[in-house]
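Please read the following points with the structure open beside you, and look up each residue as it is named.

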Amino acid sequence: MRASSFLGLSMASMLALLPAAAMAGKPPAGFSATTPPPPAPRVADGSIFNTAVGYSSLVTGAQARVVGDAVTILLVETTSSSKTANTKTQRSGSASITPPTQGPFALNPNALNASSGSSFNGQGNTALTSTFTGTIAVTIAEVRSNGTALVRGEKRMLLSQGQEWIQFSGILRLNDISMDNTVPSSRVADAHIEYAGNGAITRSAREGWLSHFFNIISPF
């Protein structure tokens, strides 16, 4: 195998080991806002009242209900976990044989005494706490027959030293939408939340790809 081919394979192997976030330079696709479908053609019936264009009943008001309506997600994600493990084992044993002290088979009694012992003591502690708060407006992408809706959306911020984005998708109950069209993220099923960015500041806080590669293959 030529040196150039070997170098190409090595570079491909190193890039395959890198995390996706480290190689991502732009937000993933598929979180753009969903536009409402165009209204159906109206049959001329002589009336000026049209329920297909901007109609809200007195019961539901301006609550989001149909595809394209905006919903504000309140990001209130908090995760906390801890674990403590203690293990202790101990084992001991002994054996003793008394040989004859006189005659042709006389032996030293202490030569046939044996004992053994083993012990183990282990302890481990782990704790994890993470908090993510904020707001993001999404749109209803699909309304289902069981009273749930698929929502998705993203927020992009172009800063002087790079770009940051928040993407959100999940399934919520239409009844959980409040009168001001807000829903806590804790009530959203199958939630997908991504907060990432790119730029000079993000690159400076990230481990280099070569250092990351050697940390993966290092046995120490």
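1. Confidence by element. This is a predicted model, and among the elements of the protein the lowest mean pLDDT, 45, belongs to helix 2 (residues 20–23), whereas the highest, 95, belongs to strand 5 (residues 182–184). Over residues 1–9 the pLDDT is below 50, and beyond near neighbours in sequence this stretch has two contacts in the model. Residues 14–23 also stay under 50 in pLDDT, and for them the model has 13 contacts beyond four places in sequence.

2. Confidence overall. For the protein as a whole the mean pLDDT is 77, and 66% of the residues reach 70 or more, so please keep the pLDDT in view when reading either of these stretches, since pLDDT is the predictor's confidence in each residue.

3. The hairpin. Strand 2 (residues 114–143) and strand 3 (residues 148–159) pair with each other in the antiparallel sense, and the pairing runs over four bridges. Within this arrangement Glu142 stands opposite Leu150, which lies in strand 3. Four residues come between the two strands of the hairpin, and Gly147 takes a positive phi near 90° there.

4. Salt bridges. How many salt bridges does a search of the whole structure find? The search finds four. One of the salt bridges joins the side chains of Glu154 and Arg156, with an N to O distance of 3.2 Å. Glu154 is partly exposed at 24% relative accessibility, and Arg156 is likewise counted as partly exposed, with a relative accessible area of 48%.

5. Asp176 counts as buried because its relative accessible area is 15%, which is under the 20% limit; Arg173, at 43% relative accessibility, counts as partly exposed.

6. Ser185. Is Ser185 buried or exposed? With a relative accessible area of 2%, Ser185 is buried, and its place is in the loop between strand 5 and strand 6. The side chains of Ser185 and Glu77 are joined by a polar contact of 2.7 Å. Leaving aside neighbours within four places in sequence, Ser185 is in contact with Ile73, Leu74, Leu75, Val76, Glu77 and Phe168.

7. Ile193. This residue, Ile193, is found in strand 6, and it is partly exposed, with a relative accessible area of 29%. Not counting residues up to four places away in sequence, Ile193 touches Leu75, Glu77, Phe132, Gln167 and Phe168. Glu77 is 116 residues away from Ile193 along the chain, and the C-alpha atoms of the two are separated by 9.9 Å. A reader comparing this point with the previous one will find Glu77 in the contact list of Ser185 and in that of Ile193.

Conventions
Residues are numbered from 1 along each chain as its sequence is written. This is a predicted model: local features need pLDDT of at least 70, side-chain atom pairs count only at pLDDT 80 or more; totals for chains, interfaces and linings use all residues. Side-chain values use heavy atoms; hydrogens and water are left out. pLDDT is the predictor's confidence in each residue, from 0 to 100. Contact means heavy atoms within 4.5 Å. Buried means under 20% relative accessible area, exposed over 50%, partly exposed in between (1.4 Å probe, protein chains only). Two strands pair if DSSP finds at least two bridges between them. A polar contact is a pair of N or O atoms within 3.5 Å; within protein, one must be able to donate a hydrogen and the other to accept it, and residues adjacent in sequence count only if both atoms are side-chain atoms.
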